[in-house]
Amino acid sequence: MILKHDIVIVGAGLAGLRAAVECAGKTDIAIVSKVLPTRSHSGAAQGGITAPLGNEEEDRWEWYFFDTVKGGDYLGDQDAIEVLVRDAARAVYELEHMGVPFSRTPEGKIAQRNFGGHTRDYGKKPVKRACYAADHTGRVVLDTLYDQCLRHEVKFYPEHYVLSLVFEEGRCVGLIVYDLASGKLHLLQAKAVLLATGGCGKLYRTTSNSNATTGEMFNLAYQQGIPLEDIEFVQFHPTGLYPLGILVSEAARGEGGILRNRLGERFMERYAPTVKDLAARDVVSRAILTEIREGRGIGGKDYVHLDLTHFGEEKISKKLWEIASFVRNYLGIDPVYEPIPVQPTCHYIMGGIPTDLNGRVLADEEGSVVPGLYAAGECACVSVHGANRLGCNSLLDLLVFGRRSGLAMVEKVKQVGHPSVPSNSLRAVEEKIHQLLSHKGHEKIGPIRKRMQAVMMEYGSAFRNEEGLRKGIEEIRSLRDRYRNIELLNKGEVFNFELMEAIELGHQIDLSEVILFSALHRKESRGAHYREDFPTRSDQDFLKHTLVFQSAEGPDVRYKPVRIVRFQPEARVY
Amino acid sequence: MLIKLKIFRYDPQKDKEPYYQKFEVEADPMERLLDCLNRIRWEQDPSLSFRWSCGHGVCGSDGMRINGICGLPCQKLVRDFEEEVLIEPLPVFKVIKDLIVDLTPFFERYHSIKPYLMTKTHPPDQERIQLPEQHLQFEEAIRCILCACCTASCPINQNKETEKYVGPAALVRAFRYLFDSRDNASEERMALLDQKNGAWGCQTLGKCTEVCPKEIPVTKQIGRIKKRIYDANKT
């Protein structure tokens, strides 16, 4: 079936929904999501959303600007960061007006808490900048934006999985989706397509990310000749619940939680003397892993303790109810009385599909625009997070750039007509699905995926080096050979998740290679990308964005400059 | 340890009638029941279909009936089961395949209660003021993850004659906006809820509260909606 809308948004997390709210009522829009409404991974965000409101203590956008630049280890584009931080207060007030149930100060204003890397007066001490709703901020914002979409009667295509982007003469004209409930393919034709599909945490064995966070959209864009920017920068959140990897929000440390090693030492004092446990995530994750490597993990194992036992029951149940419930439920431990076992967990990818300040996808280092195609949120790289994202900056990114993309698309679709769509596009994808279902082989997806996740943990996580990265690339390439030999046992058309996961795995293998390849070429350490063989930052050689392009010979690396408008790079000490 | 599961199966393309299939899975006692279901899917039978996503009780995808009680397998640990575990789809809703049900009516009813803030005043430049005690009025309700376990467990929703009852999940969200001090549409909301299939559909049977994976006092909240309607009608 061919269906037509002015704007099609892929992804129903915060970026997609915020864009939809902007477009609703002004033009004909639809949202495609691989999951049902409100199941998107934005809902798992816990700690908050940053804005320098100054509700709890003095704060200024200039301080926030500096913190975000420094948090990203000077790789973020400062014009984009300025847009982000100056729009923050408006974005949060707007959410409040839509009905988001923020926690409150005694005077009834939006409550704010400390978060890693957010400081007053350019790094002097932590500042309360994260606006929160207890420890389920993402979920309540997701619910509120979904509710707004219902109010505006936005059309949803739930449980529709994108198989390809459709291009005609260099312009994105729509996409092909697979309806999971029926097994049917549809062509969704659009004047503008927004990619708001989130991250790719499921490339790694230990991750806070949900099952849907497989990252195929990065590869679908890459296959169309669109580069991936700074894709080597993968964030490991310091405190994943051991061993599941479930997120334990930085809010726990923002509220005063302390990390301790086997000896009971508050080890962050050694790594970040000024802000200690509230340093940027990459710094804290490396500190934890260093403690573990040097034999100071708890009981010699690969985790440390997050100590909240000085909080008392009331504070925990009031501010960290959900997190406490995870700890009690999955570990049988009560965080009121016992410290929580934590280890770094793959959480976020700073890099992605390059865009300008209005979400328009960029095709090259010259800034040429890909007509018809927009991206926002984690799948995009605008780049506000640089080499490492600060906590609570992602929700703000989704809202600010989701909205800006929405505004830009509404303007654009007024000016253009519906383009023609290549007639064979559905047929080609149908053929591919048929081939995948009828292919004979001796491999299954489960073991290949498991190996891929192990390879990425081993060679592509918080510590990297040339030998490992080369080994990793080689292994991923051999997994691709194995993947060519898979055979699917489920031939059904109704909710065939084996088929969906097989398609995802193909994309995951390609994306893994690109990440490792990109990491191999960045011969320095910056933010979340740490090279044991190049342990310092090299502004002379690498103060630039990586762009990886697909070529016939494999990935091809090019670069583009960082836009620095205010803060020159300095040593990054917390 | 070895865990035995008996799972409801139905494939509309193959089966005239649903049936039950037994599986055995090796699992660590601290693993989730969800891990066992995935192991079956990945290692034994890739045709088994169920929804899941976050895996820790936040997204609300994997509502199903476990030993007769609606819940989330991502919240259940293997160590808490001794005998064979019976896994079935949520009742009330139409089964599409295996453990997947059609939640369209669930979201339609949710939509019907106008689940959004309605205000009559122009918003201020900053936030609307809401005191902590005003926020506390509805704080438990915002934990709802729309997993549908409550509605699927409600005997009123299960009864064919009264199945049009809007159901506890929609009422929790109605409560959330009705008791939000920022909302100015209580008359409109109460008119929607003051119906046989609205708040009065609830007969205080409490199944919703028993099963809620987020420990929301659902029955109590529906009771407060009824009281508010009653008081408004009295005056």
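What volume does the second largest cavity have? In this predicted model, the second largest cavity has a volume of about 220 Å³, and it belongs to a set of 11 cavities of 30 Å³ or more that the structure holds.

To find this cavity in the viewer, select A:Val35, A:Asn211, A:Phe497, A:Met500 and B:Trp52, which lie nearest its centre among the 19 residues of the lining. If you then colour the lining of the second largest cavity by residue class, you will see 9 nonpolar, 3 polar and 7 charged residues.

Next, select helix α15 of chain A, residues 497–521, which gives the most to the lining of this second largest cavity, with 4 residues.

From the helix, turn to the sheet on which α15(A) packs. Show β10, β22 and β23 of chain A, three strands that form an open, antiparallel sheet in the order β10-β22-β23. Because β10 (228–229) and β23 (554–561) of chain A each have a single partner strand, they stand at the edges, and one side of each is left without a neighbour in the sheet. With these strands still displayed, bring back α15(A), which packs on the sheet and touches β10, β22 and β23 of chain A, its direction making about 50° with that of β23(A).

Finally, focus on the pairing of β22 of chain A, residues 544–551, with β23(A), which runs in the antiparallel sense over 8 bridges. To look at one position in β23(A), select A:Tyr559, the bridge partner of A:Thr546.

Terms used
Residues numbered from 1 in each chain as written. Chains lettered and ligands numbered in written order. Predicted model: local features only at pLDDT ≥ 70, side-chain atom pairs only at ≥ 80, totals over all residues. Heavy atoms only, no water. 1 Å grid on protein atoms, 1.4 Å probe; cavity = no way out; pocket = protein on both sides within 12 Å on 5 of 7 lines; lining within 4 Å. Points joined across faces, edges and corners; volume = space filled by probe spheres on them. Helix = DSSP H or I, 4+ residues; strand = E, 2+ residues; numbered from the N terminus. Nonpolar A, V, L, I, M, F, W, Y, C, P; charged D, E, K, R; others polar. Pairing = 2+ DSSP bridges. Contact = heavy atoms within 4.5 Å. Axes fitted to C-alpha atoms, helices over the stretch in contact; angles between N-to-C directions.
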